[in-house]
Amino acid sequence: MELSIIIPVCNRYEMITHLLESLSSLNYEIIFILNGICDAKLISALNTYSKKHKHIKILKLTVIMNYAQINNIAVRECIGRYILLLNSDVIISPETIDNLLNEIKKDGKIGAIQALLLYPQNLTIQSAGHIFCEYNNYHAAKGKIYTNTDSVNIKRQALTTACCCLKKELYLALNGMDEFYYNAFEGMELTLRITKEGYLCYCKSDAIA
């Protein structure tokens, strides 16, 4: 299996309906992580979805864990050579997923690559990767109006893992996300370590989510 898509699921059925539709035509492994889920409608939807599509795995955690912990568990469970970390509230197309996968496959120097994240209400940019200043970091270009451009790999020191494709081997070699962080900064910190290891981190401007 080339790719495993890892999706932590929050306790809101409405947040995942568009995502389930967009993933329905894919032939990759998809792992849903149920982390303290008690929404019966959501559980029913995922169970129905898993019966209709191949390569679906549902991990049900018995205790509530943080974002770093659940992703580390899922990466150890997955079978893909590459992983796509994906938040459940992201709206994405199969073309964008293939775009990210093909880019990281063709260049061994790329350690991680994220989609350009837009707010769907007004097509302003939510994240084009992380930029740093003294004592802080920000999502690059946040709030700017998106303009359709040619394909450009924008080099960043760190990325957001809301929609990010990585090499599984590298993720494991770096011991995954640092579980010290609790639902903030862990994806940014992991990709910053990837950069420090000499790999490239990119935001791909024509991979939209």
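Hi everyone, and thanks for coming. Please keep in mind that we are looking at a predicted model.

Let's begin with the largest pocket. Its volume is about 1,000 Å³. Which residues sit closest to its centre? They are Asn87, Asp89, Val90, Thr160 and Ala162, out of 41 residues that line the pocket.

What kinds of residues make up that lining? You'll find 24 nonpolar residues, 15 polar ones and two charged ones. Several helices and strands take part, too. Strands E1 (3–9), E5 (110–118) and E8 (136–139) each provide at least two lining residues, and so do helices H3 (67–77) and H6 (186–196). Which of them gives the most? That is E8, with four residues.

Now let's stay with strand E1 for a moment, and pick out Ser4, which lies in that strand. Is Ser4 buried or exposed? Its relative accessibility is 0%, so Ser4 counts as buried; the cut-off for buried is under 20%.

And what does the side chain of Ser4 reach? It comes to 2.8 Å from the backbone nitrogen of Gly80, and to 3.5 Å from the backbone nitrogen of Ile79. If we leave aside residues up to four places away in sequence, Ser4 touches Glu29, Cys78, Ile79, Gly80, Tyr82, Ile83 and Leu84.

Last topic: aromatic rings. How many aromatic pairs are there? The count is two. One of them joins Phe32 and Tyr49, edge-to-face, with 5.9 Å from centre to centre and 85 degrees between the planes. This pair links distant parts of the chain, since Phe32 belongs to strand E2 (residues 29–35) and Tyr49 to helix H2 (residues 40–52), 17 residues apart. Both Phe32 and Tyr49 are buried.

Then we have Phe180 and Tyr181. Why do we call this pair edge-to-face? The ring planes of Phe180 and Tyr181 stand at 80 degrees, with the centres 5.3 Å apart. An angle over 60 degrees counts as edge-to-face, so this pair gets that label.

How open are these two residues? Phe180 has a relative accessible area of 68%, so it is exposed, because the cut-off for exposed is over 50%. Tyr181, at 24%, is partly exposed.

Note on methods
Residues numbered from 1 in each chain as written. Predicted model: local features only at pLDDT ≥ 70, side-chain atom pairs only at ≥ 80, totals over all residues. Heavy atoms only, no water. Phe/Tyr/Trp six-rings, centres within 6.5 Å; stacked < 30°, edge-to-face > 60°. Buried < 20%, exposed > 50% of the residue type's maximum accessible area, 1.4 Å probe, protein only. 1 Å grid on protein atoms, 1.4 Å probe; cavity = no way out; pocket = protein on both sides within 12 Å on 5 of 7 lines; lining within 4 Å. Points joined across faces, edges and corners; volume = space filled by probe spheres on them. Nonpolar A, V, L, I, M, F, W, Y, C, P; charged D, E, K, R; others polar. Polar contact = N/O pair within 3.5 Å; in protein donor to acceptor, adjacent residues only side chain to side chain. Contact = heavy atoms within 4.5 Å.
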